[in-house]
Amino acid sequence: MALVQRTCLDTAPVPSGHWTCPDPPEPFSLMPTDMKHRSFFLLLATIVVGLLLLGGGGAYAILAAGPLSLIRGGGHTQPAAAFLVAKQAPVMVSLLVNPDRLQTAAQIAVPVDRRRQVRSAFEQLQQRLLASSGLDWDYARDLQPWLGEEITLAVMTPDLDYDPSTGWQPGYLAVLTTRNPDASRAWLQRFWQRRAGAGTELVFEDYKGVALVYGEAMTADAQTDAQMDARIALPFQRDFMRTLATTMVGDRFVLLANSPKVLRDAVNNLQAPDLNLASTSAYQQALEHLEQPRIGLAYLNFGQLQAWQQAARPAGQGKGQVATTASPRYGSLALNLGLTRQGLRLDTALLPAAGQTLPSTPATLSEPVAALQYVPATSALVIAGVDLQQFWQQLQTDLQGYPQAEQVLTQVVQNLQQRRGVDLPTDIFSWVRGDYAIGLLPTMTPTASGIRPCADWLFIAHRSAQTDAAIAHLDEIAQDQGFSTGPFPLGERQVYAWTRLTTTTNPRPFRRGEDKPEIKADVLGVHTTVGEYEILATSLEAMNAALAAAAAPANQPSALATAMARLSTPNEGLVYLNWHEGRPAIVQKLPLFRLLEFAAKPLFDRLETITFTSYGSDAGIKQGTAFFKIRFAV
C-alpha cells in the first residue's frame, strides 16, 4: 500500500481538532466509481430531504403532545455550515434537527401498538438511502453515535475548474455537525482504514492546519469493465471525480466532498468571511423575513443554478428556446421549513437579482375569493385569485431572463391554440378583471381495458363588460371547428354547450350480421351565467358539480374550506392541491407530479393536501407560505 503525504503552506491555521491517521492499514483498492460517487452525493441530498419530509409525519405528535422542546432544543436559527459554503453556491439544503429527535417525536402521540411501525418506517428509510450509496454505511453503527443537530448539503460550484474542454464537474459538499468529536474522528479513521485495506492509495494533505484525507484516483488500467461502463454512462469523466475527500474542522464539523478542492474552498470560506454564504446581504435578508423556529432551510442562487443547468445540458440540447435579452428579475430563493399542528409549513422569500428592485405590492385579499363558492369540495387542484389579466402580465415579466421557463409557458399557450384555436391571453385572460377560480375535478372514464382516471376542468370568473363579447368569440371558435352552440336545461337552469354529433356503428347481438349506426355527441365545453359569474366547464357533469357546490350547506366545511381558513390575510389568493383524493387525476393531467412523488415518496405517502398563498412584496422581498397537511395514521 502507498500513502501520499501532501502539505499546503498557506495562512494561519483553523483551530485544532483535525485528526491524524493511525498506523498504515492493509492495502486494498478504492471502491467508489463515478456512479457511486454521484449516487453518494445524491444520497446525501435525499437523506436531508427525506428526513425533512418523513419528519413531517410526527409534526402533530410534537405539538399536540407538548414536547416542542424536542425541536426548539437544538437552538439553531440558521445553518452553521453557511460559513463554510461559498457565497456563489447554486444551492444549499440543511436539516436543523437530529433525525433521532424526529423519530422520537413521531412516536410520542401515537398508540403504543403503532410505535414500532413508526420506528420501522424510519429504519427502512435509513437503510434504503444508505444502501444505495455503495459505501457500506449503517446509520446506527456509523452516524448515530456522533451526529449532531445539523446536516447540510451544498453544491459549491457548477464546475470545479470552469474549463469547458474537460466537461462539467460540479463540486459537492456535505457538512455534518458532531456532538462527539472523538467518535466522529474514530468513524473517519475506520472508514479510511477499510478503504486502504482494499488497496486505495490514501493522500494526507495539511491545508491551513486542517487535515484532508482522500484516495488517489484510479487509473484507467485499474478500472473494471463495470466501472468503465458506469463512467461512460455519466458525465463525470475525470479522475478526481472518483475521489471522496473528508476532513474535520475543529471539534464541530465533519466535511465530505467529491474533490479535495471543495474542502480547500470550504476552509477558505471559513477563514475569509467575505467569501461565504452567511456573509451575503441577500442571505441575511432572507433569514430576517422567514419565521422561526425552523427544522430546515434551503437557499437557491438562481444565476448559479442556471449556469449549472446550462453546463450540464448535452451539446445541441436547448435549441428552439425562447430568445431573451432581459436580465433576470429574481436572484435567489430561501425556503424555511417549520412544523404546525397539521403537518409542515414552508415559508418562502424571493429576492431580487443584483441591480433589480421589486416594487412594493401589498396583498389585498382579506377574505377568500368569492368565486370559490362554485368549486366542488372534491376538486383535486384549485387556483384562485383576482385580475387574471394582471397576473398573466406579471408572470410574463417575472419570467423574463429565464429562457427555459419562458419556453414552457409559451408551449402551453401554443398547444392550446393549435388544438382548440383558443388564444389564452386574448380570448380568456383579457376580460377577467375580477376574482376567478380554476378547478380540476377527478373522474373515471370507462375504456375497453377498464376504468381510466381522467379529469374535468372548471373555470369561474366574475363577469365584466367584455364577458358577453368574449363568450360570443368562443362560440365562433367552436363553430369554426365543427361544433354547434345551443341551450338546454340542466335542472332549473339553462346552460349552453359546444357539441358535435358523430355516428358510431356497434354490433347488435340480436341481429346477427347487421350493425346499426348510433349518434354520439362530442362535448367540447359547457358554459352558463350565474349571478355575477360566468362558469365554463369541460363536461356537463363538471358544470352540475359547480352548480351544486354553491348550494352545499355552509356548516359542513370541506378540506378546501379548512385549507382556506388556515391562510393568513391579506393574501393574493391560493393554490390548493388535494393529493390524497385526486392523485390519479393530478398525475394524468400534470405528469410533473409523478416525478415529484418519486423524489419525495416519504411525504407523498402521507400527504393529504398542499395549500400555497403569496403575501405580495414588501421591502424588496416577495413572500409566500405553503402548508403540507399530513395524514398521521401509520
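**Helix pair**

I began with helix 12 (residues 388–399) and helix 13 (residues 403–420), which pack at an angle of about 145° with axes 9 Å apart. This is a predicted model: local features need pLDDT of at least 70, side-chain atom pairs count only at pLDDT 80 or more, and totals for chains, interfaces and linings use all residues. Residues are numbered from 1 along each chain as its sequence is written, and side-chain values use heavy atoms, with hydrogens and water left out.

Axes are lines fitted to C-alpha atoms, for helices over the stretch in contact, with angles from 0 to 180 degrees between N-to-C directions. Helices (H or I, at least four residues) and strands (E, at least two) are DSSP runs numbered from the N terminus. I noted the crossing of helix 12 and helix 13 as left-handed (the near helix is turned anticlockwise from the far one by less than a right angle). I then listed the contacts (heavy atoms within 4.5 Å). W392, L395, Q396 and L399 of helix 12 meet A405, E406, L409 and V413 of helix 13.

I looked up the pairings next (at least two DSSP bridges between two strands). Strand 2 (residues 91–95) runs antiparallel to strand 3 (residues 147–157) over 5 bridges. There V91 stands opposite V155. Strand 3 is also joined to strand 4 (residues 171–178), antiparallel, by 7 bridges. L153 has A174 of strand 4 as its bridge partner.

Strand 4 pairs with strand 8 in the antiparallel sense over 5 bridges, and V175 stands opposite L255. Strand 7 (residues 245–249) and strand 8 are antiparallel too, over 5 bridges. I found T246 opposite L256. Their hairpin has 3 residues between the strands, and G250 takes a positive phi near 65°.

I checked burial as well (buried is under 20% relative accessible area, exposed over 50%, partly exposed in between, with a 1.4 Å probe and protein chains only). Why do I call strand 8 (residues 253–257) largely enclosed by the rest of the structure? Because 5 of its 5 residues are buried. In a regular strand the side chains alternate between the two faces of the sheet. For strand 8, F253, L255 and A257 are buried on one side, V254 and L256 on the other.

**Helix 10**

In helix 10 (residues 281–288) I found Y283, A286 and L287 buried. The buried residues fall within an arc of 95° seen down the axis, so they line one face of the helix (the arc is that of the directions from the helix axis to the C-beta atoms). They pack against strand 2, strand 9 (296–301), strand 10 (330–339) and strand 11.

**R345**

I moved on to strand 11 (residues 343–352), which holds R345. R345 is buried at 16% relative accessible area. Its side chain makes a polar contact with the side chain of D347 at 2.9 Å (N or O atoms within 3.5 Å; within protein, one must be able to donate a hydrogen and the other to accept it, and residues adjacent in sequence count only if both atoms are side-chain atoms). Beyond four places in sequence, R345 touches E291, N336, L337, G338, T340, T625, A626 and F627.

**N571**

N571 sits in the loop between helix 17 (559–565) and strand 20 (574–578). Buried or exposed, I asked of N571? N571 counts as buried, at 7% relative accessibility. Its side chain reaches the backbone oxygen of S568 at 3.0 Å. A polar atom of the N571 side chain also lies 3.0 Å from the backbone nitrogen of G573. Leaving aside neighbours within four places in sequence, I noted contacts of N571 with A363, T364, L365, T613, S614 and Y615.
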